[in-house]
Amino acid sequence: MTASTDSGVPVVTDDQPKPGKIIAVHLNYPSRAAQRGRTPHQPSYFLKPGSSLAATGGTIERPLGTELLAFEGEVAIRIGTAARWVSPADGWSHVDAVTAANDFGLYDLRAADKGSNLRNKGGDGYTPLGPRWIPASAVDPAGLRVRTWVDGELVQDDSTGTLLFDFGRLVADLSQHLTLEPGDVILTGTPAGSSVVGPGQVVEVEVDAPEAPGASASETLSSGRLVTTVTAGTHAFGDFGSTPAVDETQRAEAWATPAPEPEPAFVLTDAHRERFAGVAVATLSAALRKRGYTDVFVEGVHGNHPGDRFVGTARTLRLIPFRPDLFASHGGGFNAQKRAFDAVGPGEVIVVEARGERGTGTVGDVLALRAHVRGAAAIVTDGGVRDADAVAEIGIPVFSQGPHPSVLGRKHVPWETDVTVACGGASVQPGDVVVGDGDGVLVIPPALVEEVLAESEAQEAADAWVARQVAAGAPVDGLFPMNAEWRARYERETAGSAG
């Protein structure tokens, strides 16, 4: 039941029934998503118990022994008519009113909840609503404003015009799974600015419609200020349940510390590929060894064509030892082996962990052809190759332990893709740079590509100069490696061509 003030705005009365369900949306404002460092493709939800309702604000206890009680100013929408299997276009028509809400949460108990939010968001008084409800018919659902103040300072200010998922879509989505009944409340997400409050602090939330049709500045439709004062709890948690626990991650999220900018992903460019074409695997190996990377060589593999060279980023496939039951569950259908070869992209290298087992094939002509058609740069396996002559005719570089006529299932189970693998004694992660030539195959962590490539290019240039001196009759003693005299001569003769 509602009554009206002289201004015609409905107000909550004492006999306002508790909602049957309180449903909250996790992330819905772009400003908050940016703060969290993730943007959802679809809305997700959690339930809050009816006992968490505090219809007119008042006080909220921060439990004894906790530190991270956080506020979240939100727009609450109330269902007026039952909704089941409604469309996004019709969802808003099932809403009868909106008001202010504060979706309080206790980050100290997030780990204990494991995503359910029952303990950290469901405490008594953790869902204050009100104080007044604005008729849905009087506002544009995309024209509402939500603002939050802490001790009088404005800390949240955003508009429902920015929502990732509008109110109609939320109602429609939820109605696919359950019936929304009259009185049910949906908390529609909080914008950036949510943070931690402690005992003695006062939080105020207001929802209004500053540009509602027909409303002057003095008649702005508003929920009024929802005022909540934080108090210190006196009851300690017992030892018969999960107790509060915080870490730096929870503190950062509770205090709304901005998410660190992600490191840009490494891209192996055409310019990189051209530079790698002029550098030998042996030279790259020496540069890596100087940096402590001594086990990045894929041992025991050789190319199927004389003179093969390649460079690309790793796409990995892991094979595990054969076991009948595991092969029955993972060896048939669109298994990991087929997925790897069907998903490889242009310029990528399929790297297969076969545990050095050369007693069966790990790739055959059909899969090699699929990789070639998809533009893969190469295939590297520390196992065998089946249909070796046919694979060689396809043209794609394949570095392996050699040919073997047996099928995969003799020794292996195709297990998983795009994971860290061990190939020929080298650890390989998806995205690592893999380089091969007549000396074998080398793995380079992306973070080292620029410095290793630059040093190797310089070394190749010096080695080429040394070779010219030897060809002209110079002895190698003192020249290879260059002593101070030869080094000075080299630097003098190449100074003009530098840069």
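Buried denotes a relative accessible area under 20%, exposed over 50% and partly exposed in between, computed with a 1.4 Å probe on protein chains only. The structure is a predicted model, in which local features need pLDDT of at least 70 and side-chain atom pairs count only at pLDDT 80 or more, whereas totals for chains, interfaces and linings use all residues. Residues are numbered from 1 along each chain as its sequence is written, and side-chain values use heavy atoms, with hydrogens and water left out.

**View 1. Confidence of the model along the chain.** The predictor's confidence in each residue is given as pLDDT, on a scale from 0 to 100. The protein chain has a mean pLDDT of 91, with 93% of its residues at 70 or more. Over residues 1-15, pLDDT stays under 50, and the model has 26 contacts beyond four places in sequence for this segment (contact: heavy atoms within 4.5 Å).

**View 2. Trp465, Trp486 and Tyr490 are linked by ring pairs into a cluster.** Rings of Phe, Tyr and Trp (its six-membered ring) pair if their centres lie within 6.5 Å; planes under 30 degrees apart count as stacked, over 60 as edge-to-face and the rest as tilted. Trp465 is buried at 3% relative accessibility, and Trp486 is buried at 15%. Their ring centres lie 5.9 Å apart with the planes at 70°, so this pair is edge-to-face. The pair links distant parts of the chain, with Trp465 in helix α13 (residues 449-471) and Trp486 in helix α14 (residues 484-494), 21 residues apart. Helices (H or I, at least four residues) and strands (E, at least two) are DSSP runs numbered from the N terminus.

**View 3. Phe310 and Phe399 form an edge-to-face aromatic pair.** A search of the whole structure finds five aromatic pairs. Phe310 belongs to strand β21 (residues 310-321) and Phe399 to strand β26 (residues 398-400), 89 residues apart. Phe310 counts as buried at 7% relative accessibility, as does Phe399 at 2%.

**View 4. Arg225 takes part in a salt bridge and lies over the face of Trp149.** A salt bridge is a side-chain nitrogen of Lys or Arg within 4 Å of a carboxyl oxygen of Asp or Glu. The closest N and O atoms of Arg225 and Glu206 are 3.2 Å apart. Arg225 lies in the loop between β17 (221-222) and β18 (226-232) and Glu206 in strand β16 (residues 202-209), so the pair ties together parts that are 19 residues apart in sequence. Arg225 is partly exposed at 37%, whereas Glu206 is buried at 10%. A network of salt bridges links Arg145, Arg147, Glu204, Glu206, Asp208 and Arg225. Arg225 is 3.4 Å from the ring centre of Trp149 (a charge sits over a ring if NZ of Lys or CZ of Arg is within 6 Å of the ring centre and within 35 degrees of the ring normal).

**View 5. Salt bridges join Asp437 to Arg309 and Asp418 to Arg315.** The whole structure holds 29 salt bridges. Asp437 and Arg309 meet at 3.5 Å, N to O. Asp437 lies in strand β30 (residues 433-437) and Arg309 in the loop between β20 (302-303) and β21, 128 residues apart. Asp437 is buried at 6%, while Arg309 is partly exposed at 39%. For Asp418 and Arg315, the closest N and O atoms are 2.8 Å apart.
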